[in-house]
Amino acid sequence: MPKSILLIDDNAKDRQYYTHRLKLSSPYDYVIFEAVTGQAGLDLFKAHPIDCVILELNLPDISGFVVLAKLVPIARHPQIPVVVLTEFSNQGLLEVAVTNGAFASLPKITTSGDVLDQVVHK
């Protein structure tokens, strides 16, 4: 059964790269929804059954931390895993995301499509 992934990121090149890499890794295992803003991502999350969210923290309309708080209202008991994949490489911010309920927090600069696929599979 395919996994539904919601990718929330305003960077078109990054969305295209990670979507392409995920589909190459598991071409029959992913249905990927894409959102350019935090609010569009929240709307898609409400409209479709989602198995995993990949979230950029730097969004044009609202903070990715606000989106994370809405997706994971109880940080220690997330119903849907959220993987933060962000342009920010500050270790403190990455740790704050995990403290606030993210399953994993990865900097884009060091995260390949294969690494992202492995984290999503977990």
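At what angle do helix α2 and α3 pack, and how far apart are their axes? The legends below take up this question and several others for a predicted model.

**Figure 1. Helices α2 and α3 pack against each other.**
Helix α2 covers residues 38-47, and its angle to α3 is about 15 degrees, with the two axes 10 Å apart. Angles under 35 degrees count as roughly parallel, and α2 and α3 are therefore roughly parallel to each other. The crossing in which α2 passes α3 is right-handed.

**Figure 2. Gly 38 is a residue of helix α2.**
Is Gly 38 buried or exposed? Its relative accessibility is 0%, so Gly 38 counts as buried. With residues up to four places away in sequence not counted, Gly 38 touches Ile 8, Leu 59, Asp 61, Ile 62 and Val 67. Gly 38 and Phe 65 are 27 residues apart along the chain, and 9.8 Å separates their C-alpha atoms.

**Figure 3. Five strands form an open sheet with parallel pairing.**
In what order do the strands stand? The order across the sheet is β2-β1-β3-β4-β5. Strands β2 (30-35) and β5 (104-107) are at the edges with a single partner strand each, so one side of each has no neighbour in the sheet. From one strand to the next, the twist averages 20 degrees. Helix α3 (residues 64-71) lies across β1 (3-8), β3 (52-55) and β4, and runs at about 165 degrees to β3.

**Figure 4. Strand β1 has parallel partners in β2 and β3.**
The bridges between β1 and β2 number 6, and those between β1 and β3 number 4. Ile 8 takes part in both pairings: Ala 35 stands opposite in β2, and Leu 55 is the bridge partner in β3. How many of the residues of β1 are buried? Of its 6 residues, 5 are buried, and the strand is mostly covered.

**Figure 5. Asp 9 sits in the loop between β1 and α1.**
Why does Asp 9 count as buried? Residues under 20% relative accessible area count as buried, and Asp 9 has 3% relative accessibility, so this residue is placed in that class. Leaving aside neighbours within four places in sequence, Asp 9 is in contact with Asp 14, Arg 15, Ala 35, Val 36, Glu 56, Leu 59 and Lys 108. Ala 35 is 26 residues from Asp 9 in sequence, yet the C-alpha to C-alpha distance between the two is 6.3 Å. Ala 35 is also the residue of β2 that stands opposite Ile 8.

**Figure 6. The axes of helices α1 and α5 cross at roughly 65 degrees.**
Helix α5 covers residues 113-121, and its axis comes within 9 Å of that of α1. Angles of 65 to 115 degrees count as roughly perpendicular, and α1 and α5 are therefore roughly perpendicular to each other. This crossing is right-handed. Which residues meet here? From α1 they are Tyr 17, Tyr 18, Arg 21, Leu 22 and Ser 25, and from α5 they are Gly 113, Asp 114, Leu 116 and Asp 117. The residues of this contact divide into 4 nonpolar, 2 polar and 3 charged.

**Figure 7. Ala 102 lies in the loop between α4 (91-99) and β5.**
Ala 102 has 6% relative accessibility and so counts as buried. Not counting residues up to four places away in sequence, Ala 102 touches Leu 68, Val 82, Val 84 and Ala 97. Ala 102 and Val 115 are 13 residues apart along the chain, and their C-alpha atoms are separated by 16 Å.

Definitions and conventions
Residues numbered from 1 in each chain as written. Predicted model: local features only at pLDDT ≥ 70, side-chain atom pairs only at ≥ 80, totals over all residues. Heavy atoms only, no water. Pairing = 2+ DSSP bridges. Helix = DSSP H or I, 4+ residues; strand = E, 2+ residues; numbered from the N terminus. Axes fitted to C-alpha atoms, helices over the stretch in contact; angles between N-to-C directions. Contact = heavy atoms within 4.5 Å. Parallel < 35°, antiparallel > 145°, perpendicular 65-115°, else oblique. Left-handed = near helix turned anticlockwise from the far one by under 90°. Buried < 20%, exposed > 50% of the residue type's maximum accessible area, 1.4 Å probe, protein only. Nonpolar A, V, L, I, M, F, W, Y, C, P; charged D, E, K, R; others polar.
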